[in-house]
Amino acid sequence: PQRKKEPTEETVTISKNVFIVHGRDHKPMKELKAMLQGFGLNPIVLHEQPSGSRTIVEKLEKYSGVGYAFIILTPDDVGCSLDEFKTVFEPHIALGESEVIDKNKVKIMLKNRARQNVVLEFGYFMGLLGRDRVCCLYKGDIELPSDMRGIVYIPFRESVNEVKEEIFKELKAAGYKNLYPPS
């Protein structure tokens with residue numbers, strides 16, 4: 001019997017569908033979507049896909065047949081650890097105080113954070129595609145998820161276009177060969 005030839009890197013076709021996960025700031029998503037289309041790829045944005053009476057998780061599963069995923073972390077939420085919160089507010093809560101605490105007396109560091117659904121989908125795509133097929137773009141000074149090391153993080157200030165060359169380079173490294181170069 002003749003053995004089947006194992007696919008080589010050259011014969012494996014990577015889906016041109018690329019998923020974009022984003023938060024409430026739609027500007028970076030729109031910029032990345034246009035950029036990926038310019039490279040010859042097909043960006044998938046979940047809220048733009050038909051629902052067909054599916055839950056959000058079912059819809060995510062249906063449209064996640066992609067070759068790569070970009071996660072865009074934008075400062076849409078703020079937060080702190082429960083310990084930090086309790087240190088500042090628990091003494092007042094225990095006393096039953098309901099008035100606003102003088103902000104000059106309260107020391108708490110609220111950090112810019114991405115929406116929880118964005119972090120969940122970040123983990124979903126890392127598990128589904130592997131770390132080498134996920135790229136995280138993040139805007140400004142934002143808390144990065146602590147357990148998601150080993151993937152590419154690319155910071156930008158105001159526009160995803162600032163990091164266009166780096167995005168192109170990451171796609172090439174992931175095996176995308178016939179991309180249109182950035183203009």
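In this predicted model, helix α4 is followed by G130, a residue whose phi is positive, near 95 degrees. The helix itself comprises residues 116-129, and its 14 residues reach 20 Å from the first C-alpha to the last, close to the 20 Å expected at 1.5 Å a residue.

V118, E121, F122, F125, M126 and L129 are buried. These residues cover an arc of only 140 degrees around the axis, which puts them on the same side of α4. An α-helix has 3.6 residues a turn, so residues three or four places apart point the same way. The cover over the buried residues of α4 includes β1 (17-21), α2 (56-62), β3 (68-73), β6 (134-139) and β7 (152-156). On the other side of the helix, Q116, L120 and G127 are exposed.

Attention now turns to charged pairs. The whole structure contains five salt bridges. One of them joins D25 to K139, with the closest N and O atoms 2.9 Å apart. Because D25 lies in the loop between β1 and α1 (26-38) and K139 in strand β6, the pair ties together parts that are 114 residues apart in sequence. Both D25 and K139 are buried.

A further salt bridge links D77 and R115 through their side chains, at 3.1 Å from N to O. D77 belongs to strand β4 (residues 77-79) and R115 to the loop between β5 (111-113) and α4, so this pair ties together parts that are 38 residues apart in sequence. D77 is partly exposed, with a relative accessible area of 22%, and R115 is partly exposed at 23%.

Within helix α1, E31 and K27 lie four residues apart, about one turn of the helix, and form a salt bridge whose closest N and O atoms are 3.3 Å apart. E31 counts as buried because its relative accessibility is 14%, whereas K27, at 44%, counts as partly exposed.

Conventions:
Residues are numbered from 1 along each chain as its sequence is written. This is a predicted model: local features need pLDDT of at least 70, side-chain atom pairs count only at pLDDT 80 or more; totals for chains, interfaces and linings use all residues. Side-chain values use heavy atoms; hydrogens and water are left out. Helices (H or I, at least four residues) and strands (E, at least two) are DSSP runs, numbered from the N terminus. The expected span of a helix is 1.5 Å times one less than its number of residues. Buried means under 20% relative accessible area, exposed over 50%, partly exposed in between (1.4 Å probe, protein chains only). The arc is that of the directions from the helix axis to the C-beta atoms. Contact means heavy atoms within 4.5 Å. A salt bridge is a side-chain nitrogen of Lys or Arg within 4 Å of a carboxyl oxygen of Asp or Glu.
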